[in-house]
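Please read them with the model open alongside.

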Protein chains: 2
Amino acid sequence: MRKINTCDFRVATRSTSREINSLIALNVIHEHQPISRADIARRMKVTRGVASTLVNELIGQGLIYEGATGDAARGRKPTFLHVRTRDRLVVSIDVRFSRSYIMLSDFAGRQIALEIFDTIFDIGDFIKDLSDRIRRLVKVHNAESRCEGIGLVVPGMVDYRTGRILNAPTLGWRGVDVRDKLAASTGLPVYVENAAKACALSQMWLSNNNPASPQSFACINVSDGVGVGLVVNGELLRGRDHIAGEFGHMPLNPNGPRCMCGNNGCWEAYISNLAILSRYFGANLSKRSPKCLKEAKRSSFTVLDLVARARSGDSKALAAVLATGQFLGLGIATIINLVNPDCIYLAGEITTAWDLIEDTVREAIAERALTESATRTPLRVTSTQEYPRLRGAAALIAAPTFAAPRVA
Amino acid sequence: MRKINTCDFRVATRSTSREINSLIALNVIHEHQPISRADIARRMKVTRGVASTLVNELIGQGLIYEGATGDAARGRKPTFLHVRTRDRLVVSIDVRFSRSYIMLSDFAGRQIALEIFDTIFDIGDFIKDLSDRIRRLVKVHNAESRCEGIGLVVPGMVDYRTGRILNAPTLGWRGVDVRDKLAASTGLPVYVENAAKACALSQMWLSNNNPASPQSFACINVSDGVGVGLVVNGELLRGRDHIAGEFGHMPLNPNGPRCMCGNNGCWEAYISNLAILSRYFGANLSKRSPKCLKEAKRSSFTVLDLVARARSGDSKALAAVLATGQFLGLGIATIINLVNPDCIYLAGEITTAWDLIEDTVREAIAERALTESATRTPLRVTSTQEYPRLRGAAALIAAPTFAAPRVA
DNA sequence: GTATTTTGTCCGGTGGATATACAATATGGG
DNA sequence: CCCATATTGTATATCCACCGGACAAAATAC
């Protein structure tokens with residue numbers, strides 16, 4: 001039961017039905033490919049005639065293509081249809097404090113090339129270096145004509161509409177325009193987004209054949225900071241000031257550890273990578289600040305190393321990991337009670353220890369969740385190898401192709 | 001950019017455009033009445049011909065009616081159109097620990113009759129007493145033929161689809177079916193919802209001529225408990241397990257006061273009516289439990305009394321009110337950072353002291369909100385005289401009339 | 001070789017937006 | 001009183017897109 005926005009609506013014209021059905025068809029193909037015209041007609045509960053017209057229109061637009069002939073028990077064989085993703089490319093960039101990642105992939109998020117390099121914190125130098133890398137990458141892979149855009153994600157708050165980074169504390173970037181600069185120096189359309197929000201987009205649009213993909217979910221991204229991408233009814237929640245999803249700054253304890261945001265006891269201050277490490281090292285890193293971050297970077301001891309130690313019998317390391325699991329669970333339980341998503345996706349280095357912490361996390365959730373049914377909210381771990389943030393950056397360019405038309 | 005749910009979509013048929021435009025027209029009339037056919041055409045950017053057909057169809061359905069002839073500087077006078085709300089009635093019920101309220105109103109939420117009575121906690125007796133009251137009320141006001149349903153709200157978690165109350169701690173109701181029992185004994189359709197969620201529905205559907213009504217907002221309801229109704233993109237968020245919006249149980253401090261949910265330091269334990277009173281009375285009421293609630297009820301000293309004392313110079317009362325304001329602000333800031341709504345509505349007894357606490361609340365928000373722009377999130381207080389919860393109950397019946405059709 | 005089944009196309013029918021003309025209604029000026 | 005002008009609301013032909021059903025093409029079963 002949705003309310004129509006009487007200040008900004010779209011009246012249905014005589015071509016609206018076609019727009020809607022065309023996009024339903026595209027999404028049906030996307031989620032069930034390979035699929036025949038007849039199957040589309042059955043799934044959409046329209047006649048094969050309509051399905052055929054829709055399909056031919058989509059072929060004409062270059063959004064899908066006819067593939068091999070399929071197999072049927074009897075009768076004429078179907079011709080399979082596929083969404084055209086393999087020859088549509090995108091450059092995705094994940095800027096993080098420790099390092100930055102640049103990937104060339106197709107519209108399905110399949111990796112073609114990947115480069116990892118040290119982040120340059122001066123924004124001018126960064127853009128210059130980055131656009132050199134992009135040009136080289138695109139050239140080497142002969143992708144000049146096929147690359148349709150650049151998606152860039154950062155750990156911080158981003159004004160998606162203007163492409164400005166509002167505040168990325170770990171990078172020290174505040175109020176910097178990235179989109180226009182990068183677009184100018186590469187000649188490609190650029191979209192910038194918060195990393196966790198982008199992860200949510202990739203879960204929505206690039207997840208591989210997930211038949212029961214939820215319409216409302218949360219993507220929790222634990223790295224230098226903690227961000228959450230919130231999808232409600234199939235739409236990413238950005239918020240009035242582009243800060244929706246900043247669950248990292250839930251206040252859990254007024255006497256808790258100091259957070260980079262200036263307050264005490266934020267969730268982030270308990271479970272960010274730096275928090276995990278400082279839990280292991282004792283007081284050494286407990287004063288969170290960019291300086292401490294740099295110190296941690298120099299020592300180059302990461303959460304992955306900590307998890308390795310925990311596995312190899314370092315009881316102090318294990319304790320640090322488990323304690324983190326407890327706070328992770330507390331935060332997840334809170335998210336469940338507040339927005340009650342259909343499903344929660346987890347990403348970040350700490351998830352490599354999922355087998356170690358799962359029980360602790362679930363116990364913590366069970367302790368806080370308000371109903372028994374809520375404790376059973378599905379939790380899914382996104383593997384670090386899948387580069388969820390990079391796939392999210394790719395989704396920034398690829399998703400609009402599949403998005404529903406705005407109606408009413 | 002919304003994703004189509006490929007498991008559960010609606011294909012556009014040749015009558016879909018009409019359904020969409022018909023409902024846009026209805027909503028335009030609802031929000032700008034009185035309005036002429038020509039004005040609708042201008043607002044919808046369609047020809048007067050189309051607007052005329054839509055209007056005549058809506059008149060045929062009995063949803064709108066032609067009123068007086070308007071005035072124009074020159075040319076033919078317009079005939080004004082109105083949404084038919086005055087002769088469509090609804091019984092709304094607000095069950096609370098202290099007392100229960102029953103109201104007969106029209107579809108616009110205009111009060112026709114109001115009764116206040118002591119809540120009966122035995123569910124069987126309650127339903128019996130309530131249906132007697134409803135029958136009497138409907139009969140006295142000659143509303144048998146015009147009453148289209150019953151909306152009932154409770155402070156607690158409700159499965160809206162089945163009409164079962166999952167858990168209403170203050171009432172001691174757990175897993176009780178209310179809808180079917182009440183529907184059986186009154187013969188009217190019944191909808192049951194959480195009070196804060198219903199408040200959100202009334203803000204969406206029953207707010208009086210609010211031209212710039214936001215599409216995403218939060219309704220915070222502070223009374224015996226603390227509930228929040230969250231509206232995202234014009235749709236109420238209910239959640240996988242019907243517990244979305246339970247911001248009352250945000251954990252703010254592991255060493256905080258005990259909450260009725262069994263945990264410590266929930267937001268509710270700082271700002272609920274009982275928490276406010278116990279802040280004033282010292283340790284007397286600090287052990288939250290239904291027993292304490294009953295004690296408080298017997299003493300019949302309410303938050304309204306406390307606010308009165310604060311106004312009349314009782315410095316201890318004022319301190320209690322201000323301390324509450326601080327925690328209220330902390331929670332609001334958290335809501336802003338997590339879901340970043342366009343606007344926040346506040347309801348509950350404590351809002352009668354808004355002039356006293358506003359500065360404190362805004363300071364607390366400014367301290368925590370992550371961006372300067374977020375601190376300026378509009379806050380609007382809903383007066384207790386408007387009976388927001390009762391209007392919410394009415395919205396449960398009235399809203400579906402105006403809801404957007406499900407498309408795609 | 002024929003019946004059957006399935007795929008994909010084609011075509012007249014119908015609902016609904018669009019454009020435009022037009023009647024009805026009111027004002028102002030001579 | 002007549003006429004130009006402006007505004008509201010209706011009527012009509014046109015175009016777009018779904019609907020239903022017929023039909024050719026392709027493959028299997030018997």
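1. Chain B superposes on chain A (RMSD 0.1 Å) by a rotation of 180 degrees with 0.0 Å of shift along its axis. The two copies are thus related as by a two-fold rotation axis. The superposition is by least squares on the C-alpha atoms of residues with pLDDT of at least 70 in both copies.

2. This is a predicted model, in which local features need pLDDT of at least 70 and side-chain atom pairs count only at pLDDT 80 or more, while totals for chains, interfaces and linings use all residues. Residues are numbered from 1 along each chain as its sequence is written, and chains are lettered from A and ligands numbered from 1 in the order in which they are written.

3. In the interface, 70 residues of chain B are in contact with 69 residues of chain A (contact: C-beta atoms, placed from the backbone, within 7 Å). Helix 1 of chain B gives the most to this side of chain B, with nine residues. By class, the side of chain B that touches chain A has 39 nonpolar, 20 polar and eleven charged residues. Here Ala, Val, Leu, Ile, Met, Phe, Trp, Tyr, Cys and Pro count as nonpolar, Asp, Glu, Lys and Arg as charged, and the others, Gly among them, as polar.

4. The copies meet through the same surface, because 99% of the interface residues of chain B are also interface residues in chain A.

5. DNA strand C is surrounded by 29 residues, the closest being G49(A), S52(A), G75(A), R76(A) and R76(B) (near: C-beta atom, placed from the backbone, within 6 Å of the strand). Elements giving two or more residues to this surface are helix 2 (37-44) and helix 3 (48-60) of chain A, with helix 1 (16-32) and helix 3 (48-60) of chain B. Helices are DSSP runs (H or I, at least four residues), numbered from the N terminus.

6. Around DNA strand D there are 29 residues, of which R37(B), G49(B), S52(B), G75(B) and R76(B) come nearest. The surface near DNA strand D divides into six nonpolar, 13 polar and ten charged residues.

7. Which residues of helix 10 (residues 303-311) of chain A are buried? They are V303(A), L306(A), V307(A) and A310(A) (buried: 20 or more other C-beta atoms, placed from the backbone, within 10 Å of the residue's own). They cover an arc of only 100 degrees around the axis, which puts them on the same side of helix 10 of chain A; the arc is that of the directions from the helix axis to the C-beta atoms.

Conventions: Two residues are in contact if their C-beta atoms, placed from the backbone, lie within 7 Å. A residue is buried if 20 or more other C-beta atoms lie within 10 Å of its own, exposed if 12 or fewer, and partly exposed in between; C-beta atoms are placed from the backbone.
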